[in-house]
Amino acid sequence: MKKVLCAGEINVDLVLQGYTEFPVPGKEVLVQDFAMVLGSATAIMAMGLARLGTPVAFVGRVGDDVWGRYCLEDMASRGIDLSRVLRGGGLKTGVTVSITHPLDRALVTYLGAISALTGADVPDAAMAGLDHLHASSFFFQEGLRPGFPDLFARARRARLTTSLDTGYDSSGEWNGGLRETLRETDLFFPNEVELAALTGTEDPAEGLDRLENGRTRVVAKLGKNGAMTRDGGRVLHVPAYPVETVDTTGAGDSFNAGFLHRWLQGAPIVECLRLGAACGALSTLGLGGTGAQPTLADAEALVARGR
């Protein structure tokens, strides 16, 4: 079983679910449910991988506060190796308020310790004995972003494969060294909004072509329209699995976990897409990004039914 190092952000999500109308300034609205859960794309991805049975280690930063302790306890409950996590240092753990609806969600984030992680916090020694490096939230990780190309290049020299999920760029620039990082990246996981912003086209197949660099496999997450990648000159597309969605928070991160779990086993790409789609769908059955993440057996059962 190959082992994965996840490098990135750890924060708590405060999830407000089931609004009757979206809040606007000067007006209060009510929601149907609330939960405090582990958040952040990289941590949710790590939790999904661990749930599927992939050994996971994590490197990141948290504050020495109630939010940080809550997050680490939750991650430890899935067996994630937290020995590389840096704690305290006068930082506050990041917090995201997620205002969700079964069809979409809006996020408000305080970065806190998320922006403090740097490339120096992920030395070569942190990658020893591991097989793959994954990072998410490229644009949110302000401290790590300048070091991403070097970090992924060092991982490659250490014979780790690599994967990246950008997350949203609130600046609207969609650059910041991303193209340089992709030259050292094996798997890239943009969603449909990110793919369109990066490539200037709403056609996902054309977007895949525009990101072609001779090295990186781009896997486009298309929400209700499934997922797509190019393989051997042809487009592979799998539909989404229909489920009774409760909350879409972290669905893309759970997709990443499912795809990567299969990919690390050397499975055919279409099978990686199918397991990713199943993990993403099943993760929406509960509040927050991690509470409904499936076991491998649950995800494989959905794939089998979908055939």
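Figure 1. Gln 293 is buried, with a relative accessible area of 3%; buried denotes under 20% relative accessible area, exposed over 50%, and partly exposed the range in between (1.4 Å probe, protein chains only). This is a predicted model, in which local features need pLDDT of at least 70 and side-chain atom pairs count only at pLDDT 80 or more, whereas totals for chains, interfaces and linings use all residues. Residues are numbered from 1 along each chain as its sequence is written, and side-chain values use heavy atoms, with hydrogens and water left out. Gln 293 is placed in the loop that connects helix 8 (269–282) and helix 9 (296–306). Helices (H or I, at least four residues) and strands (E, at least two) are DSSP runs, numbered from the N terminus. A polar atom of the Gln 293 side chain lies 3.3 Å from the backbone nitrogen of Gly 48. A polar contact is a pair of N or O atoms within 3.5 Å; within protein, one must be able to donate a hydrogen and the other to accept it, and residues adjacent in sequence count only if both atoms are side-chain atoms. When residues up to four places away in sequence are not counted, Gln 293 touches Ile 44, Met 47, Gly 48, Arg 51, Arg 78, Ser 254 and Ser 283, contact meaning heavy atoms within 4.5 Å.

**Figure 2. Leu 275 in helix 8.** Leu 275 lies in helix 8 and is buried, with a relative accessible area of 1%. Apart from neighbours within four places in sequence, the contacts of Leu 275 are Gly 258, His 261, Arg 262, Leu 296, Ala 299, Glu 300 and Val 303.

Figure 3. Eight strands make up an open sheet of mixed pairing, in the order 4-1-9-10-11-12-13-14; two strands pair if DSSP finds at least two bridges between them. Strand 4 (56–59) and strand 14 (234–238) are at the edges with a single partner strand each, so one side of each is left without a neighbour in the sheet. Strand 1 (residues 4–7) pairs with strand 9 (residues 132–135) in the parallel sense over three bridges, and Cys 6 stands opposite His 134 in strand 9.

**Figure 4. Strand 12 and its two partners.** In strand 12 (residues 217–221), five of the five residues are buried, so the strand is largely enclosed by the rest of the structure. In a regular strand the side chains alternate between the two faces of the sheet. Both faces of strand 12 are covered, with Arg 217, Val 219 and Lys 221 buried on one side and Val 218 and Ala 220 buried on the other. Strand 11 (residues 187–188) runs parallel to strand 12 and is joined to it by two bridges; Phe 188 has Val 218 as its bridge partner in strand 12. Strand 13 (residues 227–231) runs antiparallel to strand 12, with three bridges between them, and Val 219 has Thr 229 as its bridge partner in strand 13. The hairpin of strand 12 and strand 13 has five residues between the strands, and Gly 223 in this hairpin takes a positive phi near 60 degrees.

**Figure 5. Helix 5, its ends and its cover.** The buried residues of helix 5 (residues 192–199) are Glu 194, Leu 195, Ala 196, Leu 198 and Thr 199. Their cover includes helix 4 (178–182), strand 11, helix 6 (204–210) and strand 12. At the N-terminal end, Asn 191 caps helix 5, with a side-chain oxygen 3.1 Å from the backbone nitrogen of Val 193. Just after helix 5, Gly 200 takes a positive phi of about 75 degrees.

**Figure 6. Cysteines without a disulfide.** A search of the whole structure finds zero disulfides, a disulfide being a pair of cysteine sulfur atoms within 2.5 Å. The sulfur of Cys 71 is 15 Å from the closest cysteine sulfur, which belongs to Cys 6 and is too far for a bond. Cys 272 is likewise in no disulfide, the nearest cysteine sulfur, that of Cys 279, being 11 Å away. Cys 71 is buried, with a relative accessible area of 0%, and Cys 272 also counts as buried, at 0% relative accessibility.
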